[in-house]
Amino acid sequence: ARQLGGSDNMLVTVLFRGGHFSEALKVAQLAYSEDPSLTMANYIAVLELLTGNEVEARRYLEAGEGLVENKTEDAGSLLLTAYLYGRLNDAENARRVFDEVEMIADDARLQPRHWTLGYLGIGDERKALEWLHKSAENRLPYNSATAVNQLAQNSYRDPILDQPEFVEVRS
């Protein structure tokens, strides 16, 4: 990544979206070892989850939470953390993290996609679908096209996002 002059996040994203999970995981782990962050911990947790390593996914989620210094700044990433706990069938931690973000939501700059993932994490499919609709309609400049595409393409390989009512909004 450094030889190419690109950021680790971008390289991980390109590899991830291309389905090269093991390569993305190596880059993410290297980046995390050099500069630990909640964002990179979440990336690694997603990749570990997608490659079937739930123990490592949980370990990175817990470590990532420990790195948070400002919950308002990290609120979007924390909703991804809540989502990932939900994917690991850890409803208690998913709800705990979701509730923490909900308490500071007025001060945080959260995008509809963040809420979509957060509600999926706590198992509220109806609310997740509502926010997915908002995400599809939201054209604000800070609503990252890459991140919205992750939902549209179901990069997280979430079976709920493959249900017909979700697919209709994603397409």
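Colleague: In this predicted model, where is Ile122 found?

Modeller: Ile122 lies in the loop between helix H7 (112-121) and helix H8 (125-137).

Colleague: Which residues does Ile122 touch, not counting residues up to four places away in sequence?

Modeller: With those neighbours set aside, Ile122 touches Ala94, Arg95 and Phe98. A C-alpha to C-alpha distance of 9.4 Å separates Ile122 from Arg96, although the two are 26 residues apart in sequence.

Colleague: Which residues of H4 and H5 make the contact?

Modeller: Arg58, Leu61, Glu62 and Glu65 contribute from H4, while Thr81, Leu84 and Tyr85 contribute from H5.

Colleague: At what angle do H3 and H4 pack?

Modeller: H3 and H4 pack at about 170 degrees, with axes 8 Å apart; they are therefore roughly antiparallel to each other. From H3, the contact involves Leu38, Ala41, Asn42, Ile44, Ala45, Glu48 and Leu49, and from H4 it involves Glu54, Glu56, Ala57, Tyr60, Leu61, Gly64 and Glu65. The contact of H3 with H4 comprises eight nonpolar, two polar and four charged residues.

Colleague: Is Asp90 buried or exposed?

Modeller: Buried means under 20% relative accessible area. Asp90 counts as buried because its relative accessibility is 13%. Asp90 is placed in the loop between H5 and helix H6 (91-104). Apart from its neighbours within four places in sequence, Asp90 is in contact with Arg58 and Tyr85. Both of these residues also take part in the contact of H4 with H5.

Colleague: Which residues of H2 are buried?

Modeller: An α-helix has 3.6 residues a turn, so residues three or four places apart point the same way. In H2, the buried residues are Phe21, Ala24, Leu25, Val27, Ala28, Ala31 and Tyr32. These buried residues of H2 pack against helix H1 (8-17), helix H3 (38-50) and H4.

Colleague: What should the 14 residues of helix H2 span?

Modeller: At 1.5 Å a residue, helix H2 (residues 21-34) should span 20 Å, which agrees with the 20 Å between its end C-alpha atoms.

Terms used: Residues are numbered from 1 along each chain as its sequence is written. This is a predicted model: local features need pLDDT of at least 70, side-chain atom pairs count only at pLDDT 80 or more; totals for chains, interfaces and linings use all residues. Side-chain values use heavy atoms; hydrogens and water are left out. Contact means heavy atoms within 4.5 Å. Helices (H or I, at least four residues) and strands (E, at least two) are DSSP runs, numbered from the N terminus. The expected span of a helix is 1.5 Å times one less than its number of residues. Buried means under 20% relative accessible area, exposed over 50%, partly exposed in between (1.4 Å probe, protein chains only). Axes are lines fitted to C-alpha atoms, for helices over the stretch in contact, and angles run from 0 to 180 degrees between N-to-C directions. Angles under 35 degrees count as roughly parallel, over 145 as roughly antiparallel, 65 to 115 as roughly perpendicular and the rest as oblique. Ala, Val, Leu, Ile, Met, Phe, Trp, Tyr, Cys and Pro count as nonpolar, Asp, Glu, Lys and Arg as charged, and the others, Gly among them, as polar.
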